[in-house]
Amino acid sequence: MKTAVIILNWNGRKMLEKFLPSVSAHTCTGDNELIIADNGSTDDSLAFLAENYPELRVIAMDKNYGFAEGYNKAIAQVDADYYVLLNDDVEVGENWIAPVVAQMEKDPAIAIAQPKLLMYDQRDTFEYAGGAGGFIDRYGYPFCRGRLFSTLEKDNGQYDDACEIFWASGAAMFVKAAVWKELGGLDGEFFAHMEEIDFCWRAKNQGYKVVYCPQSTVYHVGGGTLPKSSPRKTYLNFRNNMALLYKNLPIERRGGVMRLRYLLDIVASVKFLLGGNAQEMKAVFQAHKDFRKWKPALKERRSRLNPHEVSCIYQGNLLVDYYFCGKKTFDRLKLQ
């Protein structure tokens with residue numbers, strides 16, 4: 001089985017310099033190939049790669065297409081049985097690929113997987129972007145085993161069981177190439193944020209499984225592209241969250257869920273304003289405005305899907321459980 005690990009780079013020379021040594025050393029073996037897809041960088045990333053890693057394949061694109069479309073364009077030029085989407089701020093260890101691929105090979109229905117994601121600077125703590133596998137509640141709020149909102153758990157082996165999950169983190173996401181092609185890759189109009197959740201949901205709507213493999217561990221810095229507090233990031237998260245709900249929810253639940261989410265987003269915008277973040281508040285309203293413009297195109301895409309009830313959706317309200325019931329860790333939630 002040929003596995004292609006693709007790192008999407010945009011002005012990330014410092015990250016490449018820091019993390020490529022481990023990735024290259026532990027990836028470029030056997031049938032594994034490491035590819036750098038450059039998203040129109042304006043720093044000296046390409047010169048750095050040419051001088052220090054001339055053996056690596058580099059796909060140079062003419063501009064920044066964002067995370068989603070950048071990967072679509074790069075992977076269209078890659079021939080492999082498995083694709084691995086890997087962030088440029090991830091450190092990997094020896095034999096990090098084989099356990100994940102082996103787990104995926106056991107079941108033809110498994111389409112997507114992720115390893116355990118721990119923090120690069122606090123290696124005993126689950127990382128925000130993926131932890132021990134992603135889930136979502138019935139109102140569209142994503143969370144992870146090991147991370148509910150801003151609460152990060154220590155890794156004490158409590159999530160060392162391989163299991164089915166709802167979404168795999170785009171920081172280190174393994175995908176069967178045949179399924180990637182069947183689904184048409186990521187939704188390029190998402191640009192960045194929540195595109196991997198949409199992709200996994202579409203896969204589950206087609207009957208595929210998404211899994212977590214604890215036998216492989218990687219260490220992720222996180223937040224390297226946009227700062228934690230960013231109106232642009234807020235805008236993309238709120239807009240894209242509405243889009244993935246609209247595309248993937250069963251028709252009988254879609255209206256009620258989206259009306260409630262709209263009210264909850266208004267509450268979030270007020271919270272931003274009271275916290276002195278007027279730009280973040282504006283970003284929420286702009287996100288909803290642009291989502292409404294986007295709906296006709298999303299409706300057409302939805303018509304090609306098969307939205308129905310799928311596994312690993314938490315049927316409670318994560319906001320209520322976390323903020324009002326004090327449920328701060330994954331084990332306190334009762335997933336069906």
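Which residues line the largest cavity?

1. Basis. This is a predicted model, in which local features need pLDDT of at least 70, side-chain atom pairs count only at pLDDT 80 or more, and totals for chains, interfaces and linings use all residues. Residues are numbered from 1 along each chain as its sequence is written, and side-chain values use heavy atoms, with hydrogens and water left out.

2. The cavity. The lining of the largest cavity is made by Tyr 262, Asp 265, Ile 266, Ser 269, Val 284, Phe 285 and His 288. Two elements give two or more residues to this lining, helix H8 (251-274) and helix H9 (278-302). Helices (H or I, at least four residues) and strands (E, at least two) are DSSP runs, numbered from the N terminus. H8 supplies the largest share, four residues. A cavity is a set of points on a 1 Å grid over the protein atoms alone where a 1.4 Å probe fits but cannot get out, and lining residues have an atom within 4 Å of a point. The structure holds one cavity of 30 Å³ or more, and the volume of the largest cavity is about 30 Å³. A volume is the space filled by probe spheres set on the points, with grid points joined across faces, edges and corners.

3. By class, the lining of the largest cavity has four nonpolar residues, two polar and one charged. Here Ala, Val, Leu, Ile, Met, Phe, Trp, Tyr, Cys and Pro count as nonpolar, Asp, Glu, Lys and Arg as charged, and the others, Gly among them, as polar.

4. Asp 265 again. Asp 265, one of the lining residues of the largest cavity, forms a salt bridge with Arg 261, with the closest N and O atoms 3.1 Å apart. A salt bridge is a side-chain nitrogen of Lys or Arg within 4 Å of a carboxyl oxygen of Asp or Glu. Both residues belong to H8 and are four residues apart, about one turn of the helix. Asp 265 and Arg 261 are both buried; buried means under 20% relative accessible area, exposed over 50% and partly exposed in between (1.4 Å probe, protein chains only).

5. Other salt bridges. The count comes to 18 salt bridges. One of them links the side chains of Arg 13 and Glu 17 at 3.1 Å, N to O. These two residues lie in helix H1 (residues 13-27), four residues apart. Arg 13 counts as partly exposed because its relative accessibility is 23%, and Glu 17 counts as partly exposed because its relative accessibility is 43%.

6. Helix H6. Arg 202 and Asp 198 form a salt bridge at 3.0 Å, N to O. They are four residues apart in helix H6 (residues 195-205), so about one helical turn separates them. H6 is mostly covered, with eleven of its eleven residues buried. Gly 207, which follows H6, has a positive phi, near 95°.

7. The second largest pocket. A pocket is an open set of points with protein on both sides within 12 Å along at least five of seven lines. The volume of this pocket is about 220 Å³. Its lining has three nonpolar, two polar and six charged residues.

8. Parallel strands. Seven bridges join strand E1 (residues 3-9) to E2, and the two run parallel. Two strands pair if DSSP finds at least two bridges between them. Ala 4 has Glu 33 in E2 as its bridge partner. The β-α-β crossover from E1 through H1 to E2 is right-handed; that is, with the strands pointing away from the viewer, the path from the first strand over the helix to the second runs clockwise. E2 also runs parallel to strand E3 (residues 57-60), joined by four bridges. E2, helix H2 (residues 45-52) and E3 make a right-handed β-α-β unit.

9. Strand E12. Five of the five residues of strand E12 (residues 172-176) are buried. In a regular strand the side chains alternate between the two faces of the sheet. In E12, Ala 172, Phe 174 and Lys 176 point one way, and Met 173 and Val 175 the other way. Strand E4 (residues 82-86) runs antiparallel to E12, joined by five bridges, with Leu 86 opposite Ala 172. Strand E6 (residues 110-119) also pairs with E12 in the antiparallel sense, over two bridges.
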